[in-house]
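Here is a short briefing on a protein structure. Look it over first, then read the points below.

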Number of protein chains: 2
Amino acid sequence: MTFLFNSDAARGAVFAKVFASELPDLPFSMDPATVDPDAVRYLISWTIPDSIARYHNLEIVFSIGAGVDQFTMAALPPSVKVVRMVEDSIIRMMQEYVTLAVLTLHRQMPAYRAQQAARVWRALPQPQAAQRRVGVLGLGVVGQAVLERLKPFGFPLSAWSRSPRQLDGVTCHHGADGLDAMLADTDILIVLLPLTPDTRGILDARLLAKLPRGAGLVHTGRGPQLDHAALLDALDGGQLSGAVVDVTDPEPLPADHPFWTHPSIVLTPHIGSVAEPDSAARVVIANLRRHFAGQDPVGLVDRQRGY
Amino acid sequence: MTFLFNSDAARGAVFAKVFASELPDLPFSMDPATVDPDAVRYLISWTIPDSIARYHNLEIVFSIGAGVDQFTMAALPPSVKVVRMVEDSIIRMMQEYVTLAVLTLHRQMPAYRAQQAARVWRALPQPQAAQRRVGVLGLGVVGQAVLERLKPFGFPLSAWSRSPRQLDGVTCHHGADGLDAMLADTDILIVLLPLTPDTRGILDARLLAKLPRGAGLVHTGRGPQLDHAALLDALDGGQLSGAVVDVTDPEPLPADHPFWTHPSIVLTPHIGSVAEPDSAARVVIANLRRHFAGQDPVGLVDRQRGY
């Protein structure tokens, strides 16, 4: 019975240390070349490795990140459990990043960035937070945590999810009709959706056109959700006034892509959040203990739904 | 008995409307050329106008901004009360701006801005908030409100003030020794001091050298508090890693000043906070009512201390 770690070595060294101290009886390997494939019961990885078919006794695949959209589920026998990373530092970092991004758009930092480059000292008219409606697409653990952090600033808040939800101080919408209603009332739209067949390409020209003219976009979902050309058209035509983009398709973004130089786009290289390795290792160990005790792991993925 | 408004006309129109509805019996003038100087009992202005000696019956000068450092106090008879603007939107906007600035430095946005300009897609190692100590110089109403907004992010917080203070969840320092102790433990320093003879030039090479190597600076005090050359030296020598600067000396900053183009400086044109005019007018009216009732106005300045 072995735990196989299949990711970068620096992170692996932290995992190895925590496993040695917390689960000393569970063999831990970082080397697919030397591990006995029949011994591998647990695997942590960012993608499903090509070697997956060798692990006949695999019980759980852990994602090293918050999402599992990068997993080719079809390669896994139905009996294998798939577990997302539900870890505090992922949530805290996303709270930081989204708050930073919302304030960046609210306080017109793309315009001030351009003014700094042009050596222009000019204060722009500034709406109050109470006049800036902020909406979140995707109301999972991270979406809720982000809304909690935005609340004290006084933005009117709304959120959209597939199924009905209730959240204190947040106008909650759901379903297809709810999406249109929410978009019409959103000045800054935050995308925190998982990548699924339903959300692929969801941020297209039609959706962006439903926002009030001059709205802003914070894209912290997944690259393939956004029609990149539609965003550029919306910005150039004035339908959107600015965007903070942390995920693209592909990643890395090619050097000749227009996002790099667009004056209204703040672009970051998928840094919204990453799991802190020590804490991530402890989360995985806690989930292994739940599994040993016959309980479902926290973050268990519904393989039909895809998240 | 007249209230004289001496500032921009757009703001004045809002004041005129609120005064007409709330204090209809108090004559309101926006025109120093036609007002009867002997009638002027109350004046609101950004600076002390040259005409000040004409207003023999002046009782109160209100600042239209949060500070009064721009007032030439010597031009005012000792009996005249000087009142700062203590208004909610000033506080709320400064909470936004400082949170934005702290997250900008914490999440290394100056480096990502440079990477975007150079079309480089590379995630940088990212410290957790718990490892990023944030300290505030100046613990007035605004400083306390800013700390309140930073608390949920999990930064270890400290603050420094002239006289001893106690604040929940914040390590409080005071006096000259306290300043050194606080600086040694501060990774991101926020300046929210009023401009006084004591604070003019306070952000010099000596002070910046007391911060841990690689610290960041958020300058939201007043321009003349910062030795601009010392900031450039500290950034270029690696003592500081980045700065968000909203106030300079002079303002506007001349077009050939090195701050405009420095890759580690995010520069904004003194937009941290401005009073929202409707709300500012109501604050002034509430203070006039206190004055009529024989009470001190809120925001009364100690003219010896200068704030």
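Chain A holds an open sheet of five strands in the order β2-β1-β3-β4-β5, with parallel pairing. The edge strands are β2 (28–29) and β5 (81–83) of chain A, and each pairs on one side only. This is a predicted model: local features need pLDDT of at least 70, side-chain atom pairs count only at pLDDT 80 or more, and totals for chains, interfaces and linings use all residues. Residues are numbered from 1 along each chain as its sequence is written, chains are lettered from A and ligands numbered from 1 in the order in which they are written, and side-chain values use heavy atoms, with hydrogens and water left out.

**The sheet of chain A**
- Strands (E, at least two residues) and helices (H or I, at least four) are DSSP runs, numbered from the N terminus.
- Two strands pair if DSSP finds at least two bridges between them.
- Strand β1 (residues 2–6) and strand β3 (residues 40–45) of chain A run parallel, joined by five bridges.
- A:Thr2 faces A:Val40 in β3(A).

**How the two chains are related**
- The same surface serves both copies: 100% of the contact residues of chain A recur in chain B (contact means heavy atoms within 4.5 Å).

**B:Ser89**
- B:Ser89 sits in helix α2 (residues 88–106) of chain B.
- B:Ser89 counts as buried because its relative accessibility is 1% (buried means under 20% relative accessible area, exposed over 50%, partly exposed in between; 1.4 Å probe, protein chains only).
- Its side chain reaches the backbone nitrogen of B:Glu276 at 2.9 Å.
- Beyond its neighbours within four places in sequence, B:Ser89 is in contact with A:Gln128, B:Val274, B:Ala275 and B:Glu276.

Conventions
Polar contact = N/O pair within 3.5 Å; in protein donor to acceptor, adjacent residues only side chain to side chain.
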